[in-house]
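Here are some friendly notes to read with the structure open beside you. Take the points one at a time, and find each part in the viewer before moving on.

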Amino acid sequence: MYTDSNKRHIAILGSTGSIGTQAIDVVRAHPDQFVVEVLTANANAELLIQQAELVRPNVVVICDESRYEQVFAALDPLDIKVYAGAASVASVVQMDSIDMVLTAMVGYAGLLPTIRAIEAGKHIALANKETLVVAGELITRLAAEKGVNIYPVDSEHSAIFQCLVGEFHNPIEKIVLTASGGPFRGKDRAFLETVTKAQALKHPNWSMGAKITIDSATLMNKGLEVIEAKWLFGLTPEQIEVIVHPQSIIHSLVQFEDGSLKAQMGLPDMRLPIQFALGYPNRLKSDFPRFDFRQFPSLTFEQPDLETFRNLQLAFDALRQGGNAPCIINAANEVAVDAFLHERLSFLGISDVIAECLATATFVAAPTYDDYVSTDTETRRLASERIKSLV
């Protein structure tokens with residue numbers, strides 16, 4: 001455990017989102033273990049101010065520059081430094097006082113701050129899967145060069161990581177990522193043609209932000225997790241399997257070369273993987289609800305429907321294609337999901353836009369960081385044009 005003089009000093013990027021707010025709960029429950037150095041938020045100034053008053057970081061960043069004066073006025077009397085703009089996020093993660101950066105920003109926006117944190121030698125608790133989806137080869141190579149550890153926060157990847165503790169010398173035969181199936185498990189395309197935003201935002205097991213909830217409904221979230229798993233654990237596409245497990249009790253499994261399977265289980269609660277990543281290698285005591293087998297007499301499993309939920313297949317396709325293809329599907333998906341949330345695109349239209357962008361955007365087999373930036377820009381333009389043509 002950390003002593004009072006050697007607490008882990010943490011930056012929480014995206015502190016007002018679902019992961020960020022639960023991370024605040026974790027660090028407040030363990031004041032003897034953690035110190036919050038930095039909080040950042042996109043536009044939720046009110047909640048950022050409340051969080052800063054609770055945990056008293058040295059620095060906060062509000063990305064929406066129009067909210068700067070509001071945040072500054074509230075926090076300057078508390079001797080908390082306040083900055084604004086996305087560039088400030090990429091700058092503050094390099095502070096000498098930070099040991100670990102929890103990247104919980106949504107989407108592509110998390111890429112550059114993660115790169116800057118790794119360059120500065122900060123260990124990463126990764127909740128921003130898009131970072132590895134977009135630039136997995138670059139991120140993993142840079143982390144190896146800098147001696148930085150990347151601790152997964154997604155429940156599925158945390159489960160794989162927990163199963164591998166003590167097994168790092170044993171080769172993996174395959175991993176099995178579990179999926180809840182989302183709110184439309186078992187539905188056909190005819191049903192999905194008329195799905196509304198309100199229906200898609202009702203996840204059966206997890207409470208998450210709007211973007212990731214829609215991704216779960218389309219199974220794109222699982223597709224992004226497949227790509228993330230490839231880079232986190234050094235796997236081939238053939239070593240990654242997805243199975244639908246509606247109860248969300250088994251969070252994922254690892255199969256070793258002797259045929260043995262290890263699973264990590266528990267009630268759906270993101271605080272557990274957050275706490276495991278922040279506190280690793282220690283398991284910190286918690287008062288989280290405990291799993292009771294008597295309440296779950298049956299755990300069931302089924303194959304995902306890749307024809308109805310095309311996004312998962314598109315993610316596997318992009319992973320096998322390699323290069324900047326995962327970057328293409330990520331950018332197209334972010335634009336398409338935003339259009340769906342603003343009721344400018346149908347639910348099934350999300351997959352159509354992604355498939356068209358994957359087929360038409362410029363392919364780069366060995367992308368640099370600048371190539372990723374160009375790909376993201378080009379794909380967003382293509383996706384936006386496609387969506388406008390459908391209106």
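1. Let's begin with strands E3 and E4. Please keep in mind throughout that this is a predicted model. Strand E3 covers residues 59-62 and runs parallel to E4, with 4 bridges joining the two.

2. Now zoom out to the whole sheet. It is an open sheet of 7 strands with parallel pairing, and the order is E4-E3-E2-E1-E5-E6-E7. Strands E4 (81-84) and E7 (150-152) stand at the edges with a single partner strand each, so one side of each has no neighbour in the sheet. From one strand to the next, the twist averages 20°.

3. Which helix packs on this sheet? Helix H12, residues 271-279, does so, touching strands E1, E2, E5, E6 and E7. The direction of H12 makes about 135° with that of E1.

4. Next, a hairpin. Strand E10 (residues 250-256) pairs with strand E11 (residues 261-265) in the antiparallel sense, over 5 bridges. Ile250 stands opposite Met265 in E11. There are 4 residues between the strands of this hairpin, and Gly259 takes a positive phi near 95°.

5. Then come two helices. Two packed helices are described by the angle between their axes and the distance between the axes. For helix H10 (residues 210-218) and helix H11 (residues 220-233), the angle is about 95° and the axes are 5 Å apart. This angle makes H10 roughly perpendicular to H11, because 65 to 115 degrees counts as roughly perpendicular. On the H10 side, the contact involves Lys211, Ile212, Asp215, Ser216 and Thr218, which meet Met220, Asn221 and Leu224 of H11. Sorted by class, the contact has 3 nonpolar, 3 polar and 2 charged residues.

6. Finally, look at the rings. The whole structure holds 12 aromatic pairs. One of the pairs is Phe184 with Phe347, edge-to-face at 5.3 Å centre to centre with 85° between the planes. Phe184 sits in the loop between strand E8 and helix H8, while Phe347 belongs to helix H15, so the pair ties together parts 163 residues apart in sequence.

7. Phe340 is buried, with a relative accessible area of 3%.

8. Elsewhere, ring pairs link Tyr151, Phe161, Phe168, Phe276 and Tyr280 into a cluster.

Notes. Residues numbered from 1 in each chain as written. Predicted model: local features only at pLDDT ≥ 70, side-chain atom pairs only at ≥ 80, totals over all residues. Heavy atoms only, no water. Pairing = 2+ DSSP bridges. Axes fitted to C-alpha atoms, helices over the stretch in contact; angles between N-to-C directions. Contact = heavy atoms within 4.5 Å. Parallel < 35°, antiparallel > 145°, perpendicular 65-115°, else oblique. Nonpolar A, V, L, I, M, F, W, Y, C, P; charged D, E, K, R; others polar. Phe/Tyr/Trp six-rings, centres within 6.5 Å; stacked < 30°, edge-to-face > 60°. Buried < 20%, exposed > 50% of the residue type's maximum accessible area, 1.4 Å probe, protein only.
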